[in-house]
Amino acid sequence: MRFLRRIPGFLLVLAIAIVLAALLFEMQTSWLQAHLLSGYSQTLSWRLAPGPSQAIHFPAAGPYDQRLGYARLGSFLPRLEARGYGILSQAEFSPALMHYSQQGLFIPYAEKSQAGLTLFDCRNEPFHVSRYPRHQYLEFATIPPLVLQSLLYIENRDLLSDEYPLTNPAVDWPRFANAALSQLGKQVGIQDHGSGGSTLATQMEKFRHSPEGRTSSSKEKLRQMASASVRAYQGGVLTLPARQQLALDYLNSVPLAAAPGYGEVHGLGDGLHVWFAADVARVDDLLGRAANTPEDLLAQGLALRQVVALLIAHRRPSFYLLKGRSELETLTDSYLRLLAQSAAISLPLRDAALAQRLVFRNFSTQPAFERIDGNKARYVTRGRLGNMLGLNLYDLDHLDLSVHSHLNNDLQQQVSQYLRSLADPEVAGRVGLYGERLLSPEKTAAVRYSFTLFERSPQGFLVRVQTDNTDQPFDINDASKLELGSTAKLRVLTSYLQIIAELHQRFALMSPEQLRQQPVDAQDNLSRWAIDYLLRNPDRQLTSMLQAALDRRYSASPYESFFTGGGLHTFSNFRKEDNGRLPTLRQALQESINLPFIRLLRDVVRYSLYQDPTRRLLLQDDKDPRRQEYLRRFADREGKTYLGRFWRKYQGKNQEEQLKTLLDGMHLTQSKLAAVHRYLRPQATPAELASFIREHLPSEPLTDKRLDYLYRTYGPGAFSLPDQGYVARVHPLELWLLDYLGHHPQATFADAVAASQEQRLEVYGWLFKSRHRTARDSRIRTMLEIEAFSDIHQRWQKLGYPFDHLVPSLATAIGSSGDRPAALAELMGIILNDGVRLPVQRLSSLHFATGTPFETLLAPKSNQATRVLPSEVAQALQAALSQVVEAGTARRLAGSFQLSDGTLLQLGGKTGTGDNRLEKVGRYGQILESRVLNRTATFVFYLGSHHFGTLTAYVEGSSADSFRFTSALPVQVLKGMAPLLAPDLAPGVQTQCRVDPELANR
């Protein structure tokens, strides 16, 4: 202040005048801002660099950033990495841009007004393209003059003025000052409402990048202005191109409220189409030229009225476009008059526009959404991608994302058309689908066919075709649980040969004396056979031993009862003439004979049981005093083991899903359901128990007397935990864990182990307190069978079995545990790939946000191969499966696949038929009631050295009871498909697919 007193008054006045003049000059011309910000904006750069970026910052919560997926990349990337994808390249910020973004400012770049999901097939051809908004002005020059004039008059009249070429479009100083004063007046109570100071540039920042597209505070307004200012000078000091781009972007992406059945509406073009059902091209044509006739003038007036209404509606879109339509009409009339007063439109056009009324689309009778055609490739890929990213299809289609898949869309469409054509009786007849165990002409349209073709490559098992004849989103290949009958025999045979390989590894180097000294339980047939084979054969090569194992003979007699699933069961063969046979396993596979595989699975179960000496002791000397000590050790060790398996089985599931998973693995009866429900829901009323039983057994009568008996008999305290588990035919610890998780949903596995100490001892200890040894042994055998099937399940899971459990019954050998066609195909791929499991790959790359500072390219990680079968086992299975085609149940396919050079492809596979029924059985085993659920017939195959897959025929519901087709049907359908597939199966053709060009350059 002292310094100022020493300055002469005239100099002080002069200095103030100079400062004010400079400020006024800057406010008019933006000269200083232009030169400072244009240079600064050049430092805000990024580049695409290999690998994960060390300098990137994703935006936060703006509607635009959310919709296009930029704000969600931080959550997408961990999900994709957990599913085997890695980042190949990603945008890397300059230090200046990194600092800029960390201050909370919106990153400046040439933003996209239109984006969406694009799916490419393996030949780089698009098969799904979604673009939002759908209607766009491609460049500034294409905006009709009347549209541009209306926009400028309503929103920012001096935006395109050439008087000040350096002007900052983000700041309108008079408007800003007026807004600041009005906000101050609002704060001190002088006026009720504050006016806005938003220019078109700050509005763009607001509805694209501010949280919820709103200005929540003065700080947010300053952030919008600062970000818009930097963005305006990215192209240099002259801002006319940036201002023209602003007008273009605004018209292309202004938010106009969500419409019923359509979703969010952005941009003038989409607003015209969605809200007024207008022909957008017609509107643009009318507003881009002079009206030549009275009819043209009226049409032009309506078009202008619709445009002006939408430009006004942006201020309160949800109100004006839904509830406040009369207010919108009034405001539109006012602006039309003002446009005429300012000479922006002619008086005749004003009058023509005033004479019209807005007619909104009736969404009930004229929905705005566009149906997507039934392309199975589109359905399957989008569905899987949505699951990977945790998005519904609507949100997925709005992402700025390009995805390359391994699907061969041309072949996919040919196969889809072929499968659809089989509904035509004439086509079905030409393909050969009529006859015994096939179809009749009147039934062709009722059968659903689903087909998947994989190609084996060094990168993985590539999905080339995945389609069916339904054109519906649901895919039975990859999203179902079906009883696929005898295809389960392939899994059983694989486990058997795995065990033979394990026994070879254990015993092959032993001397004859050492082999004779090996302790083997009398019921462990596989270990006994392995030792005897090695004693008899000096050639101890694994290959020879596996061939001998396939030549072992198993009886096909159905006249034996098997203790399995907690009781005695009998099984039958498909053909009665097989009943007296004693085939080799090779022959049993070739001809799909049931009883040899029932007995083979029994041997596999016993092998699993008797490898553990503790388990053997449980079924031996009942008076051995060491039993109690073994029991304690058994209870602690085995209890923890199985608790861990059950923990993994139910991890990540809510209570309803946990209960469904438990029941899926059970053969349901009223008693079992009551035992489960009364244990897990002890406070439930009789009515709730009745509802639960009827839900799962709707066809079984449930009288009040029966309900009262079940409610009282299985209520809390009536049985111990082991007894309750025995009644329900589930492992008691599984039942206990579900109850524990119901009360402690946040518990860890360590918590469950600590809490279950008493129950683990109880589960195994009670078996030895019964007075009758037969009862003890029966219950021990039931529980041990459950545990053995848990061991077998682990084997199957390593080979791609898709479900959390197996039904603990020998009926699993003929399909009772269910399967998925795609999972069976993966097993076939492992066999074809010499025992090495590769990841199933449907997508070759995902490219997010191309050309933006958030660009990220991902691809499946390499080196995911895992050996899960010895190569000798895989080769033995390949040869055995080839005999199924050469002389077995798929022999009608033999010689069908011939290449252009005359070469016949080697084929192999396994057939299976599933007749899935609910049966009510009487006390003496007679069937009292049988209700069909579905009928399936599946062929899992390999075609040559690189291709494999599945083909399933499927009829759902009660109508399936009238069908008698077997797996001969899918085999014949595949035979008819040979001309379509053969050109793509030749070695080196690689289904005519190209590598994603984004990946080829890296």
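The protein has 42 helices and 17 strands, taken as DSSP runs numbered from the N terminus (H or I, at least four residues, for helices; E, at least two, for strands). Keep in mind that this is a predicted model, where local features need pLDDT of at least 70 and side-chain atom pairs count only at pLDDT 80 or more, while totals for chains, interfaces and linings use all residues. Residues are numbered from 1 along each chain as its sequence is written, and side-chain values use heavy atoms, with hydrogens and water left out.

**Overall picture**
- Of the 1002 residues, 55% count as buried, meaning under 20% relative accessible area (1.4 Å probe, protein chains only).
- Contacts here are heavy atoms within 4.5 Å; of those with a separation of 6 or more, 71% link residues 24 or more positions apart.

**Helices α22 and α39**
- The axes of α22 (residues 488-507) and α39 (residues 821-832) come within 11 Å and cross at roughly 40°; axes are lines fitted to C-alpha atoms, for helices over the stretch in contact, with angles running from 0 to 180 degrees between N-to-C directions.
- On the α22 side, L490, R491 and T494 make the contact, and on the α39 side A823, L824, L827, M828 and I831 do.

**Helices α34 and α35**
- Axes of α34 (residues 721-728) and α35 (residues 732-743) come within 8 Å, crossing at roughly 105°.
- That makes α34 roughly perpendicular to α35.
- L721, P722, Q724 and G725 of α34 meet P732, L735 and W736 of α35.

Terms used
Buried < 20%, exposed > 50% of the residue type's maximum accessible area, 1.4 Å probe, protein only. Parallel < 35°, antiparallel > 145°, perpendicular 65-115°, else oblique.
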